[in-house]
Amino acid sequence: MPEGPSVRKFQLLTSPFVGQVVAKVGGSSRKISVNDLNALRLQDSQVHGKNLYLAFVAAEGPLGPTAEETALQREAASGASSPAQEGQEQVCAPQTHPQDEELQELQPSRPEVPDAAEGPGNWLRFHFGLFGSVRANEFSRAKKANKRGDWKDPVPRLVLHFESGGFLVFYNCRMHWCSSPRANPASDILSVEFHRGQALDALRAPNPICYTLLDQRYFSGLGNIIKNEILYLAKIHPLTQGSLLALSDLEHLLDYAIQFSFDWLYSKLHDKRLHLQIYQKKQCPLGHTVMKGTLGPSNSFKRLTWWCPRCQPAVLSGDRDLSPVTE
């Protein structure tokens with residue numbers, strides 16, 4: 001499924017339509033009544049982790065504050081930083097390197113709990129599945145024939161035509177209404193409010209490091225591709241328990257997570273190719289044979305993981321065997 005950098009790009013595709021009125025709708029979604037969007041005005045567009053949120057209001061109603069205006073209002077209301085905020089560690093400023101490719105994860109992520117208790121609202125939440133995407137003023141076309149030899153274009157879940165003549169198309173996504181975006185900027189790997197101290201505390205837990213990295217409570221937007229790449233860059237075995245690693249190793253891993261995420265976002269915005277070193281590779285950049293396994297907590301989804309046993313040696317706790325079942 002699309003990771004944080006991809007969903008950020010989706011949000012940028014929707015933002016030019018903020019303020020416009022929906023003139024016609026279409027799509028195959030059965031989770032919502034797409035006709036309910038007719039004649040509504042797109043009020044706001046936000047992204048939080050792997051989720052996209054669009055706010056709609058009655059066309060004759062006021063637009064209300066955008067996400068940027070809301071953030072400015074919060075800053076003005078909060079005034080000076082509180083003592084707790086002053087003690088928070090700051091995120092490192094990312095460097096920008098051109099690189100890009102539309103890559104999707106091959107396994108589903110842990111399902112999120114729906115906002116059933118919230119009831120209906122004016123925010124439409126999008127969570128994208130395998131090959132999920134957003135397109136502006138164009139439809140996705142078939143790139144190859146299906147198993148029966150038919151060239152069938154993907155069927156959009158939702159199409160929004162605006163009075164301006166432009167349109168947005170949403171593919172392979174789950175949608176539901178909610179009262180407000182469910183967000184924690186401190187855990188969003190691409191947010192300026194990302195909290196390094198909180199992330200480091202999570203990484204120190206006595207759990208396999210590859211499990212912690214995919215925990216959206218602490219690393220919102222970080223997915224399987226980023227996980228594999230940064231563990232290789234940091235030379236850490238995926239099953240190493242975070243509590244066995246030195247603080248400096250965890251700091252370096254966190255730096256790689258932030259840098260790689262921003263590099264990927266930069267590449268997407270500049271149509272550059274993303275250079276991967278370990279994900280779906282048979283050899284690492286040094287020519288060593290790469291291992292592949294399906295790893296994950298016993299009570300959750302297992303994720304395909306690639307690592308180099310020579311570049312990423314296992315760190316064992318006592319006599320415990322951390323060798324995974326490989327494919």
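I began at Phe-131, which I found in strand β4. Helices (H or I, at least four residues) and strands (E, at least two) are DSSP runs, numbered from the N terminus. Phi of Phe-131 is positive, near 60 degrees, and this is a residue other than glycine. I noted for context that most residues other than glycine have a negative phi. Phe-131 counts as exposed because its relative accessibility is 54%. My scale here: buried is under 20% relative accessible area, exposed is over 50%, and partly exposed is in between (1.4 Å probe, protein chains only).

Before going on, I wrote down the ground rules. The model is predicted, so I take local features only at pLDDT of at least 70 and side-chain atom pairs only at pLDDT 80 or more, while totals for chains, interfaces and linings use all residues. Residues are numbered from 1 along each chain as its sequence is written, and side-chain values use heavy atoms, with hydrogens and water left out.

**Confidence**

pLDDT is the predictor's confidence in each residue, from 0 to 100. The chain averages 83, and 78% of the residues score at least 70. Contact means heavy atoms within 4.5 Å. Residues 318–327 are also below 50, with 17 such contacts. Where pLDDT is low, the predicted coordinates should not be read in detail.

**Whole chain**

I listed seven helices and eight strands. Of the 327 residues, 46% count as buried. Among contacts between residues at least 6 apart in sequence, 71% join residues at least 24 apart.

**Strands around β3**

Strand β3 (residues 51–58) is mostly covered, with seven of its eight residues buried. Two strands pair if DSSP finds at least two bridges between them. β3 pairs with strand β2 (residues 40–48) in the antiparallel sense over eight bridges, and Val-57 in β3 stands opposite Arg-41. β2 and β3 form a hairpin with two residues between them, and Gly-49 in the turn has a positive phi of about 65 degrees. β3 is also joined to strand β4 (residues 123–136) by five bridges, again antiparallel. There, Tyr-53 has Arg-125 in β4 as its bridge partner.

**Rings**

How many aromatic pairs does the structure hold? I got nine. Rings of Phe, Tyr and Trp (its six-membered ring) pair if their centres lie within 6.5 Å; planes under 30 degrees apart count as stacked, over 60 as edge-to-face and the rest as tilted. Phe-194 and Phe-219 have ring centres 6.4 Å apart and planes at 45 degrees, so I logged the pair as tilted. This pair links distant parts of the chain, 25 residues apart: Phe-194 is in the loop between β6 (167–178) and α4 (196–203), and Phe-219 is in the loop between α5 (209–213) and α6 (224–233). Phe-194 counts as buried at 2% relative accessibility, and Phe-219 is buried at 0%. For Phe-260 and Trp-264 the centres are 6.1 Å apart and the planes at 65 degrees, so that pair is edge-to-face. Both lie in helix α7 (residues 247–269), four residues apart, about one turn of the helix, and both are buried. I also marked one aromatic cluster formed by Phe-10, Phe-126, Phe-128 and Phe-170.

**Gln-312**

Gln-312 lies in the segment after β8 (303–307). Is Gln-312 buried or exposed? It counts as buried because its relative accessibility is 0%. Its side chain reaches the backbone oxygen of Leu-231 at 3.3 Å. Leaving aside neighbours within four places in sequence, the contacts of Gln-312 include Tyr-232, Lys-235 and Trp-307. Two of these meet each other as well: the charged end of Lys-235 sits over the ring of Tyr-232, 3.7 Å from its centre. The test I used is NZ of Lys or CZ of Arg within 6 Å of the ring centre and within 35 degrees of the ring normal.

Terms used
Polar contact = N/O pair within 3.5 Å; in protein donor to acceptor, adjacent residues only side chain to side chain.
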